[in-house]
Amino acid sequence: MNLKSGDLVMPGDFLGIIEQYEPGAGTFDDNGHIKSSILGNVTLDSKNRKVSVTPLTGAPVLLECGDLVYGQITDVRSQRALIDVQTKKDETRQLALPYLAAIHVSQVKNDYLDRLTDAFRIGDIVGGKVSRISGDNIDLNTEDEECGVIKAMCTRCRDYLQPTGRKDEMICPSCGKKEKRKISSNYRY
Ligand SMILES: [Zn+2]
């Protein structure tokens with residue numbers, strides 16, 4: 001990993017060696033390895049050979065309708081899939097709340113969807129647009145092309161699935177199992 005100024009780092013993350021940098025605020029020296037002591041944004045000052053970490057600034061991020069967020073599917077019921085929302089697109093600050101999101105079966109795609117398990121499975125990483133907010137509960141919509149599953153694992157062997165090229169169809173490169181998903185145009189494999 002190539003660390004650069006502005007990157008988000010977590011406590012214990014390796015930032016450099018003592019021969020490279022002097023450990024500054026928000027860092028500590030662990031036997032010559034400089035590590036972050038906080039969650040924040042790193043500053044690499046190569047002129048003064050100093051590394052520091054600034055705590056995440058400003059008000060933590062509150063979500064608004066229309067925001068694109070990413071999270072992990074924690075449950076798939078008959079009418080709703082539940083998502084533990086982790087980040088907002090292009091955002092380095094942390095979310096203000098541990099948002100819990102739901103996607104209703106009618107909000108998944110433009111076409112008719114018979115069963116929610118044909119779109120999402122537990123553990124999938126998905127992107128969705130915020131359509132309703134009520135405190136720390138939000139509703140997501142995944143009808144847009146860029147929304148849907150961006151990372152999915154085979155339910156049989158847990159290897160990462162790959163799109164077959166057919167609509168909503170994925171295949172496991174290890175065991176050959178075919179599965180259905182609502183696949184995002186940003187699917188990563
Ligand atoms: Zn498999």
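**Close-up views of a predicted model**

**View 1. Strands β2 and β5 pair in an antiparallel way.** Three bridges join β2 to β5, the strand of residues 33–36. Strands here are DSSP runs of E of at least two residues, numbered from the N terminus, and two strands pair if DSSP finds at least two bridges between them. Ile17 has His33 of β5 opposite. This is a predicted model, in which local features need pLDDT of at least 70 and side-chain atom pairs count only at pLDDT 80 or more, while totals for chains, interfaces and linings use all residues. Residues are numbered from 1 along each chain as its sequence is written.

**View 2. Three strands make an open sheet in the order β2-β5-β4.** The pairing in this sheet is antiparallel. β2 (14–17) and β4 (27–30) each have a single partner strand, so one side of each edge strand has no neighbour in the sheet. From one strand to the next, the twist averages 30 degrees; axes are lines fitted to C-alpha atoms, and angles run from 0 to 180 degrees between N-to-C directions.

**View 3. A four-stranded open sheet has the order β1-β6-β7-β3.** Its pairing is mixed. The edges are β1 (8–9) and β3 (22–23), each of which pairs on one side only. β1 runs antiparallel to β6 (residues 40–45), and two bridges join them. Val9 stands opposite Gly40 of β6.

**View 4. Strand β12 (residues 137–141) has side chains that alternate between two faces.** Ile138 and Leu140 point to one face and are buried, where buried means that 20 or more other C-beta atoms, placed from the backbone, lie within 10 Å of the residue's own.

**View 5. β12 is joined by bridges to β10 and to β11.** Strands of a sheet pair through backbone hydrogen bonds, either parallel or antiparallel. β10 (residues 100–104) runs parallel to β12, with three bridges between them; Ala102 has Asp139 as its bridge partner. β11 (residues 125–134) runs antiparallel to β12, with five bridges, and Lys129 is partnered with Asn141. β11 and β12 form a hairpin with two residues between them, and in the turn Gly135 has a positive phi of about 65 degrees.

**View 6. The protein is divided into domain 1 (8–55) and domain 2 (68–180).** These bounds come from an automatic or database domain assignment. The centres of domain 1 and domain 2, taken over C-alpha atoms, are separated by 35 Å.

Definitions and conventions: A residue is buried if 20 or more other C-beta atoms lie within 10 Å of its own, exposed if 12 or fewer, and partly exposed in between; C-beta atoms are placed from the backbone.
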